[in-house]
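Please look over the sequence and the three-dimensional structure shown below before reading on.

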Amino acid sequence: VLKNGLQSYLSIFTGQQPVSNHLKEIFPSTTAYCTNFSVSNPQKFAANLTGQQNQNGLADERDQLFSKIKTESAIKIKNDFDNLLGNEFAVVTTRYFEKFGIVSVNDGSKLKVLLTAMSIMSDENTGQLSYEKLPLFLLGDAFNIFKRPYFMIIDNYLIFANSSTELASYYDIYINRKFLSKNEQFNKFDELLAGQSNISFFFHFKNALPVLERDMFPDVYDDVRSLKPGWGDFYGASVQLSSVDNNFYTNFCLKLNSDTTANKSK
């Protein structure tokens, strides 16, 4: 992780206008936590991301990768991808430890042609990128967890995963509409949130328990799971950041499993 890398990455979004969040409509019902990024001007985001990477010393590695791709496939991936990038992209972790990158694009068919030319394809719609770190250089720090991912394009969504099994899992989720947005409790929670933002983090307490069990000290996890009243009484939490005058307006929402809520903005 680069020193101050996350802070620098988030600062890219302060120059954007808040955007209505729609990508959450296709998050898996098993979502433990996720971060959704939204940009009003994808081209400006892409240019600012390039500047951030230059400042963080990634220019040489990035430019060598893009040059290699152009030499081997005749594709100017940076320009072509930026022109197809939509307004939202997200990283999702599920209760089963799956990690998905979900990216809205303007034309899934055109993007599939580009990615097919630089990938090892499993079938007509799925493959594995032939180059490492491409998601990092195209979308920034949040996508650094996808080193040489498997991918598929469904409608106008690009999906990244670190294994073919995870990719197949998301395909099943999408085709069978196993979405968080189909849950009434999530929709009640979502009604409490700001309609627009640039960065939105969501944490689902029940779905996150397996992840917390793996990552926490046993004594701490036992308290989280068993204390009454305690964290187990909460349905979810969200932090939303919306750009205003090159700063962030923050909205925080914490909802109990009942209809009682705690909601604070500043």
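**Briefing on a predicted model**

Arg 214 counts as partly exposed, because its relative accessibility is 48%, where buried means under 20% relative accessible area, exposed means over 50%, and partly exposed lies in between (1.4 Å probe, protein chains only). This is a predicted model, in which local features need pLDDT of at least 70 and side-chain atom pairs count only at pLDDT 80 or more, while totals for chains, interfaces and linings use all residues. Residues are numbered from 1 along each chain as its sequence is written, and side-chain values use heavy atoms, with hydrogens and water left out.

**Salt bridges**

- The structure holds seven salt bridges, a salt bridge being a side-chain nitrogen of Lys or Arg within 4 Å of a carboxyl oxygen of Asp or Glu.
- Arg 214 takes part in one of them with Asp 215, at 2.8 Å from N to O, and Asp 215 counts as exposed because its relative accessibility is 52%.
- Lys 24 forms another with Asp 190, the closest N and O atoms being 2.8 Å apart.
- This pair links distant parts of the chain, since Lys 24 lies in the loop between β1 (19-20) and β2 (31-38) while Asp 190 belongs to helix α8 (residues 184-190), 166 residues apart; helices (H or I, at least four residues) and strands (E, at least two) are DSSP runs, numbered from the N terminus.
- Both Lys 24 and Asp 190 are buried.
- Glu 61 and Lys 133 also meet through their side chains in a salt bridge (2.9 Å, N to O), and this pair links Glu 61 in helix α3 with Lys 133 in the loop between β6 (126-129) and α6, 72 residues apart.
- Glu 61 is partly exposed at 34% relative accessibility, and Lys 133 is partly exposed with a relative accessible area of 27%.

**Helix α3 and the residue after it**

- Helix α3 (residues 59-73) has 15 residues and reaches 21 Å from its first C-alpha to its last, close to the 21 Å expected at 1.5 Å a residue, where the expected span is 1.5 Å times one less than the number of residues.
- The buried residues of α3 are Ala 59, Arg 62, Leu 65, Phe 66, Ile 69 and Ser 73.
- Seen down the axis of α3, these buried residues fall within an arc of 140 degrees, so they line one face of the helix; the arc is that of the directions from the helix axis to the C-beta atoms.
- An α-helix has 3.6 residues a turn, so residues three or four places apart point the same way.
- The face of α3 turned away from its buried side carries the exposed residues Asp 60, Gln 64, Thr 71 and Glu 72.
- Among the elements that cover the buried residues of α3 are α2 (42-55), α4 (77-84) and α6 (134-139), with contact meaning heavy atoms within 4.5 Å.
- Ala 74 follows α3 and has a positive phi, near 65 degrees, and Ala 74 is exposed, with a relative accessible area of 65%.

**Other exposed residues**

- Asn 246, a residue other than glycine, likewise has a positive phi, near 65 degrees, and is found in the loop between β11 (234-244) and β12.
- Most residues other than glycine have a negative phi.
- Ser 122 is found in the loop between β5 (119-121) and β6, and counts as exposed because its relative accessibility is 57%.
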